[in-house]
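Subject: Structure for your review

Hello,

Here is the structure I said I would pass on. Please open it next to the notes below.

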Amino acid sequence: EKATRVDKFFSGFMDCFSYSMNNILHQGSASGEFQMIRTEAFRNLGGFREDLVATEDMELFWRLSRIGQTRMEWSLRIFHSGRRAHAIGWPHLLWLWFLNTMSTVFLHRSHSRVWTVIR
């Protein structure tokens, strides 16, 4: 499925957010599309928190940024289907991302109890 203008807008926004968080603020940030992590760092941190239904990728990168440098690499291109945004709509998805991020930051747990697989 071809990316819409709205898909491109929000992907660009998220790219700028990830770049700023990782490369400028050094706070670590990642979305679920693709991450590269050194095996040793991944193992030292105990991997993803399996108790988190959502934001487990962002939470891992927060922890990674505490032990070393995280960054977004502009030269790499990842093509993502955007199927969740297409299935539930961008406004709903952005709201879920916001709720889950805030819940993970302040309560150390995901807001969502289920993160339905969308294929």
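Predicted model: local features only at pLDDT ≥ 70, side-chain atom pairs only at ≥ 80, totals over all residues.

Helix α1

Helix α1 runs over residues 5–24. Its 20 residues should span 28 Å at 1.5 Å a residue, and the end C-alpha atoms are 27 Å apart, which agrees. Buried in α1 are D7, F10, S18, M21 and N22. These residues cover an arc of only 90° around the axis, so they sit on the same side of α1. R5, K8, F9 and I24, on the other side of α1, are exposed. The cover over the buried residues of α1 includes α3 (56–67), α4 (83–88) and α5 (90–107).

Two residues with positive phi

H26 follows α1 and belongs to the loop between α1 and α2 (39–44). Its phi is positive, about 55°, although H26 is not a glycine. With a relative accessible area of 42%, H26 is partly exposed.

T55, in the loop between α2 and α3, is another residue other than glycine with a positive phi, in this case near 65°. T55 has 11% relative accessibility and therefore counts as buried, the cut-off being under 20%.

Salt bridges

How many salt bridges does a search of the whole structure find? It finds three.

- R49 pairs with D51, with the closest N and O atoms 2.6 Å apart. R49 is partly exposed at 23% relative accessible area, whereas D51 is exposed at 53%.
- R63 pairs with E59 at 2.8 Å, N to O. Both residues lie in helix α3, four residues apart, or about one turn of the helix. An α-helix has 3.6 residues a turn, so residues three or four places apart point the same way. E59 counts as buried, at 8% relative accessibility.
- R71 pairs with E73, and here the closest N and O atoms are 3.4 Å apart. R71 is exposed, with a relative accessible area of 54%, and E73 is partly exposed, with 33%.

Surface patch

Which residues form a nonpolar patch on the surface? They are W95, F98, M102, V105, F106 and L107, with about 610 Å² of accessible area together. One of them, M102, is in helix α5 and counts as partly exposed at 32% relative accessibility. Helix α5 is also among the elements that cover the buried residues of α1.

Regards

Terms used. Residues numbered from 1 in each chain as written. Heavy atoms only, no water. Expected span 1.5 Å × (residues − 1). Buried < 20%, exposed > 50% of the residue type's maximum accessible area, 1.4 Å probe, protein only. Arc of directions from axis to C-beta. Contact = heavy atoms within 4.5 Å. Patch = residues over 30% accessible without salt bridge, like charges linked within 9 Å, V, L, I, M, F, W, Y side chains within 5 Å. Areas by Shrake-Rupley, 256 points an atom, 1.4 Å probe, with all protein chains shown as cover. Salt bridge = Lys/Arg side-chain N within 4 Å of Asp/Glu carboxyl O.
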